[in-house]
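Student: I would like to go through this model with you. Could we begin with the overall picture and then turn to individual residues?

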Protein chains: 2
Amino acid sequence: MALSHAILVSLTDRAQSGYDLAKRFDQTVGFFWPVSHQQIYQELHKLAKADWVRAETITQADRPNRIVYELTDPGRAALAAWVTEPTTPPSFKEELLVKLFALDSDNRDALLAEIARRRSLHGERLARYEAIMAEHYPNPAALNARKRGRYLGLRMGILTERTTLAWCDEALALVGSAAS
Amino acid sequence: MALSHAILVSLTDRAQSGYDLAKRFDQTVGFFWPVSHQQIYQELHKLAKADWVRAETITQADRPNRIVYELTDPGRAALAAWVTEPTTPPSFKEELLVKLFALDSDNRDALLAEIARRRSLHGERLARYEAIMAEHYPNPAALNARKRGRYLGLRMGILTERTTLAWCDEALALVGSAAS
DNA sequence: CTTACATATGCAATTTCTTGCACAGACAAT
DNA sequence: ATTGTCTGTGCAAGAAATTGCATATGTAAG
């Protein structure tokens, strides 16, 4: 029930439509957790059925109708209970590692190119995160509790991308060097 | 089709039963990618149906029968094709980050305790990986291609755990300090 | 003697996630 | 005019993953 809880958390800030939620995901956790709009709509239906959120249709002139969801008291209670439960470390299914397990002379060049591609991709991500950090979180110690959570998410993103970059460099050097 | 390909890669080394594969997973990629034996058996059935692996039942006295799978030529070809395809960065669904997004004065102590728990858990993982590294990979540059892949997997594990530890320390300091 | 653990495979049900498709209007640019 | 992008919600099908249960034997420890 991970995505549904992420939705609940987002709704603690304000009532939102599926579209709002999808956009917000894209700009925050979506960096390292891509979520499609279909999944969000599906989860919202489930949450509504479980009475954890309340749906309200808003009709606007010259606009598609929006369905805005807000937390209910049972939803708030469920969220509070979930937050205090122990977590499990995320699984880390890195395709590239599996491919490197199959490294041989036939695929070496292709894998080297792929590592290089991934390296630049993670470089771009890092630059994006650091720009957000510089703009919105110049002084983390001065943040209130709610914003500290967001800061730590971004911080994790930055650390992870730096680590990935460093690993790519090592991998390029090792795979690229002659075998002994 | 990620797990199925991981199984194929493992079978390039030698023919194995579902049980063998599960055990091997546990000791390698399973550190950051937990796979249940049910999933492996299910995938093996699919792979056999697709003729990517060949099943052979081995009857032993006083033992449950084993079903050993080996790669077929089409399986080998499919694997080779897959290895050269581009990869996508893994998604990173860290529950703890979602919970920290909901950080407030009511759950602060529980979250601090949880971060501390996770910190020690990742410390244990790191120690385990570093022990394996010291024992099996004292000199990475001297490894052949196949072992370089494995080394890089382990190396990624070490870097990731170190990063996670550093993040936990930051999180403990920030969440633990007084809000301004 | 009983409990626990290792070997060995599997079904069934459910949940979760992904992919493809469909509808429908507004606004800006070419 | 047409193309593209943004707003906005959804179904349907399938793939992937999780959870719970079931079976069967050997060996070691308490």
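Predicted model: local features only at pLDDT ≥ 70, side-chain atom pairs only at ≥ 80, totals over all residues.

Student: What does the secondary structure of chain A come to?

Tutor: Chain A has seven helices and three strands. Along the sequence these follow the pattern α-β-α-α-β-β-α-α-α-α. The radius of gyration of chain A is 21 Å, well over the 16 Å that the globule rule gives for 180 residues, so the chain is more spread out than a compact globule.

Student: What box do the C-alpha atoms of chain A fill?

Tutor: Taken along the principal axes, the box is roughly 65 × 40 × 40 Å.

Student: And among contacts between residues at least 6 apart in sequence, what share join residues at least 24 apart?

Tutor: In chain A that share is 55%.

Student: Now the second copy. Which rotation superposes chain B on chain A?

Tutor: A rotation of 180 degrees, with 0.0 Å of shift along its axis, superposes chain B on chain A at an RMSD of 0.1 Å. The two copies are thus related as by a two-fold rotation axis. The same surface serves both copies, as 100% of the contact residues of chain B recur in chain A.

Student: Let us take single residues. Where is D13(A) found, and which residues does D13(A) touch?

Tutor: D13(A) belongs to helix 1 of chain A, residues 2-13. Leaving aside residues up to four places away in sequence, D13(A) touches R24(A), R146(A) and R150(A).

Student: Is D13(A) buried, partly exposed or exposed?

Tutor: D13(A) is partly exposed, with a relative accessible area of 32%. As for spacing, the C-alpha atoms of D13(A) and K49(A) are separated by 21 Å, and these two residues are 36 residues apart along the chain.

Student: What about R24(B): which residues does R24(B) touch?

Tutor: R24(B) sits in helix 2 of chain B, residues 18-27. Not counting residues up to four places away in sequence, R24(B) touches S10(B), D13(B), R14(B), Q16(B) and R150(B). For S10(B), 14 residues apart from R24(B) along the chain, the C-alpha separation is 8.5 Å.

Student: Turning to the backbone, what is the phi of D51(A)?

Tutor: D51(A) has a positive phi of about 65 degrees although it is not a glycine. Most residues other than glycine have a negative phi. D51(A) is placed in the loop between helix 3 (37-49) and strand 2 (53-58) of chain A.

Student: And what is the phi of D51(B)?

Tutor: D51(B) also has a positive phi of about 65 degrees, and is not a glycine. D51(B) lies in the loop between helix 3 (37-49) and strand 2 (53-58) of chain B. With a relative accessible area of 49%, D51(B) is partly exposed; the cut-off for exposed is over 50%.

Notes: Residues numbered from 1 in each chain as written. Chains lettered and ligands numbered in written order. Heavy atoms only, no water. Helix = DSSP H or I, 4+ residues; strand = E, 2+ residues; numbered from the N terminus. Rg over C-alpha atoms; globule rule 2.2 N^0.38 Å. Contact = heavy atoms within 4.5 Å. Least-squares fit on C-alpha atoms with pLDDT ≥ 70 in both. Buried < 20%, exposed > 50% of the residue type's maximum accessible area, 1.4 Å probe, protein only.
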